[in-house]
Amino acid sequence: MSQYVKPVNQKAWWLILPVCICVAFSAVIPLMTVVNYSVQDVISPTRAVFVGTEWFTAVMRDEELHSALLRQLLFSLSVLAIEIPLGVLLALSMPSTGWKSSAVLVMVALSLLIPWNVVGTIWQIFGRTDIGLMGRALYMLDIDYSYASNPTQAWLTVLLMDVWHWTPLVALLAFAGLRSIPDAYYQAASIDGASRLAVFRYIQLPKMRGVLMIAVLLRFMDSFMIYTEPFVLTGGGPGDATTFLSQYLTQKAVGQFDLGPAAAFSLIYFLIILLFCFILYNWMLRVGTQDKGAGHE
Amino acid sequence: MNRKKPFRVRSLFLILYLLFAMLPIYWMVNMSFKTNSGILSSFALLPREFTWDNYITIFTDRSWYSGYINSLIYVALNTVISLTVALPAAYAFSRYQFLGDKHVFFWLLTNRMTPPAVFLLPFFQLYSTLGLMDTYWAVALAHLVFNVPLAVWILEGFMSGVPREIDETAYIDGYSFPRFFLTIFLPLIKSGVGVAAFFCFMFSWVELLLARTLTSVNAKPIVATMTRTVSASGMDWATLAAAGTLTIIPGAIVIWFVRHYIAKGFAMGRV
């Protein structure tokens, strides 16, 4: 494909108008309410005082928040580092035709379909050394395993649960991306005598760029907002080993019912995610265009 | 295709992964056929006292099975709306340049970046004002926040993979835009539509916070009904496991239907 410049067409706005209306209705209006709360001290439903940036300053100085943020970053980056390569590998090894392909596709997708609170509950039992399969197996291997009392093991269990739960998302996206590569590319590669690695590097990877970008961004933002699963599994403990940002936020918003600080916190939270996604997105765009130059014959 | 040599290593990897993926699910299904005391008393690979009671509870108690029906209705509504509005938008993003296109495209995704907990109170107020509380529409519309941007992004990726020459040829041949889009373009991006539909279904199906807040009785979804199993008297593990097993089934059926679109896609098209 040649480097084709898209034609300018302002009428295309009509095509995206429905999307903008939908999203504005269900996102912008509520977000404005949050902004409104973040600069006020809500004393009662009828009484509120304008406090400016006071809540923002208070939240930014919160030490607990800083450690929750670090934990969160470490977790999200680990999630990306494991799930993206694993998902791509899985997509590459899934059969592409026949009943096996269908069966594997359905089996891989199953873990995505379990409601998040059930995921936590299942792993809670699954990891118990007395009645759970995984806990029992580890116990038999003479490993002193307990997600309830050992912080490192609790953290690793949450990570493993996330890998189990969400790698299929990456795999399905990558699989669909792989399947959309025309056979002609593979034929051309085999005529050139390209190795498996070269086929992956110069054909499959560049063609999967679009879906992988979605996968990376989705996994990053969703793992950054992870709440239900660790909450059900460990309740944030032991100590605060698995208290991630959203749980901290919920403790503030629901537990102490401080609307102002909670709103300010959610805006800062949102900006942090936005910043990282923006960096990731632009980085991947750049890497992608370099690939394009090398990838196309 | 000429990829035979690494076949064995890959199959081994695939089998190992599937094993890892199926074990927790196996444990859930296993638990769903046990009694609560059976679950908690001892470790057993297969239920010692096999029982259907947990499933019977769900299928005979209206408050349980109506949860499934409610969930299915709003999830279907949401998936259809998401795809309908996202398809033309994704086409516009993949084919044209217009004022602010890149910004709007990224802005769409930013709507997924707010924890749903943040939206609880505003949504509650908004839908109460509109009189939509406890209806299917409230949940279906609220879930658009995260599904529409996702659908647009996924579809745009697939549409950009279709060569633009196809559009041009069709217009030269005298196709109108709607006819071209429905009869030529859509079949070409089937795999993308399949994936997008499945993800919209999935994210709406498992979302708990918003669905629980916006409904009380008439439209109460299954995920909210499930939280009932946690009570002062302790967890009702067995019923929860049975309900969890049943929640997988509709999604498995959906993916069974869209699997051909995902697996065949563009390569099998007429190009």
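## Helix geometry and chain contacts

Helix 1 of chain A bends by about 45° at A24(A), the bend being the angle between axes fitted to the seven residues ending there and the seven starting there. Helices are DSSP runs (H or I, at least four residues) and strands likewise (E, at least two), numbered from the N terminus. The model is predicted: local features need pLDDT of at least 70 and side-chain atom pairs pLDDT 80 or more, whereas totals for chains, interfaces and linings use all residues. Residues are numbered from 1 along each chain as its sequence is written, and chains are lettered from A in the order in which they are written.

Helix 3 (residues 63–93) of chain A packs against helix 9 (residues 196–224) of chain A at an angle of about 145°, with the axes 9 Å apart. Axes are lines fitted to C-alpha atoms, for helices over the stretch in contact, and angles run from 0 to 180 degrees between N-to-C directions. Residues are in contact if their C-beta atoms, placed from the backbone, lie within 7 Å. Among the contacting residues are F75(A) and V79(A) of helix 3 and F220(A) of helix 9 of chain A.

Between the chains, 90 residues of chain B are in contact with 84 residues of chain A. Helix 1 (residues 7–32) of chain B supplies the largest share of the chain B side, 14 residues.

| Feature of chain B | Value |
|---|---|
| Helices and strands | 14 helices and two strands |
| C-alpha box along the principal axes | roughly 70 × 60 × 30 Å |
| Contacts joining residues at least 24 apart, among those at least 6 apart in sequence | 80% |

Conventions:
Two residues are in contact if their C-beta atoms, placed from the backbone, lie within 7 Å.
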